[in-house]
Amino acid sequence: MSVIEKKLHARSNSSCELCTSADNLKSYALPPVAEKGATLEKSILVCETCFTQIEDSETMDANHWRCLNDSMWSEVPAVQVMAWRMLHRLKKFGWSQDLLDMMYLDEETEAWANAMGDGDEEDENKIIHKDCNGNILNDGDSVVLIKDLVVKGANFTAKRGAPVHRISLVWDNAEQIEGRVDGQHIVILTQYVKKTKEGGQ
């Protein structure tokens, strides 16, 4: 068990921070995950059921998520963010919208919650990353560079056609993504990339 996982168990009394189940618990780092990796503040302890449905929307059981009626009031920002995101995914159900209407997130937490685009599509303030062709980019996508890019401070040029797998979105800047080219972690402007497929390998 990792140090973060031990601290999550202590914080949650060894129960899922979303549905309170005590079975098959694991740490879950809320995307977007920084290059340096998961942190306690950006992670929650979840059960296998919650984890599976968070990762695969096709397995979603709306009734399971009525648990958010309680967990949305958590004092832990990461739990608030995950509850908010799941409620937005379930907005077609009246009860979910009712809960969202009751939720309050401070400005910083709301920006974090919105970072993955789970909020209202009509929200003019939502940051959406798009490639050179206008395709929406998501965390984990694969892209290729459409021109040679001189990387400042790294003494190398990222060549046109170079693949960048499992990109990370810069959550507060729609024109920037992060990824690795030739083993170097760099920030890339979205206007210089073309999306190749969902979910990089």
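Asn13 is exposed, at 68% relative accessibility, and its phi sits near 55°, a positive value in a residue other than glycine. Keep in mind that this is a predicted model.

- As background, most residues other than glycine have a negative phi, and most peptide bonds are trans.
- Asn13 lies in the loop between α1 (3-12) and β1.
- Thr20 is in the loop between α1 and β1 too, and its phi is also positive, near 70°.
- Thr20 counts as exposed because its relative accessibility is 60%, over the 50% cut-off.
- Pro31 and Pro32 are joined by a cis peptide bond, with omega about 0°.
- Pro32 belongs to the loop between β1 (26-29) and β2 (43-46).

**Salt bridges**
- The model has three salt bridges.
- Arg11 pairs with Glu17, at 2.9 Å from N to O. Arg11 is partly exposed at 30% relative accessible area, while Glu17 is buried at 12%.
- Lys26 pairs with Glu48, and their closest N and O atoms are 3.3 Å apart. This one ties together distant parts of the chain, 22 residues apart: Lys26 is in strand β1 and Glu48 in helix α2 (residues 48-55). Lys26 is partly exposed at 26%, and Glu48 is partly exposed at 33%.
- Lys195 pairs with Asp141, at 3.3 Å from N to O. Here the partners are 54 residues apart, with Lys195 in strand β10 (residues 193-197) and Asp141 in the loop between α6 and β3 (142-145). Lys195 is buried, with 18% relative accessible area, and Asp141 is buried at 1%.

**Cysteines**
- There are zero disulfides in the model. For Cys67, the nearest cysteine sulfur is that of Cys50, 5.2 Å away. A disulfide needs the two sulfurs within 2.5 Å, so Cys67 is in no disulfide.
- Cys67 counts as buried, at 16% relative accessibility.
- Cys132 counts as partly exposed, at 34% relative accessibility.

- Glu108 is exposed, with a relative accessible area of 67%.

Note on methods: Residues numbered from 1 in each chain as written. Predicted model: local features only at pLDDT ≥ 70, side-chain atom pairs only at ≥ 80, totals over all residues. Heavy atoms only, no water. Buried < 20%, exposed > 50% of the residue type's maximum accessible area, 1.4 Å probe, protein only. Helix = DSSP H or I, 4+ residues; strand = E, 2+ residues; numbered from the N terminus. Salt bridge = Lys/Arg side-chain N within 4 Å of Asp/Glu carboxyl O.
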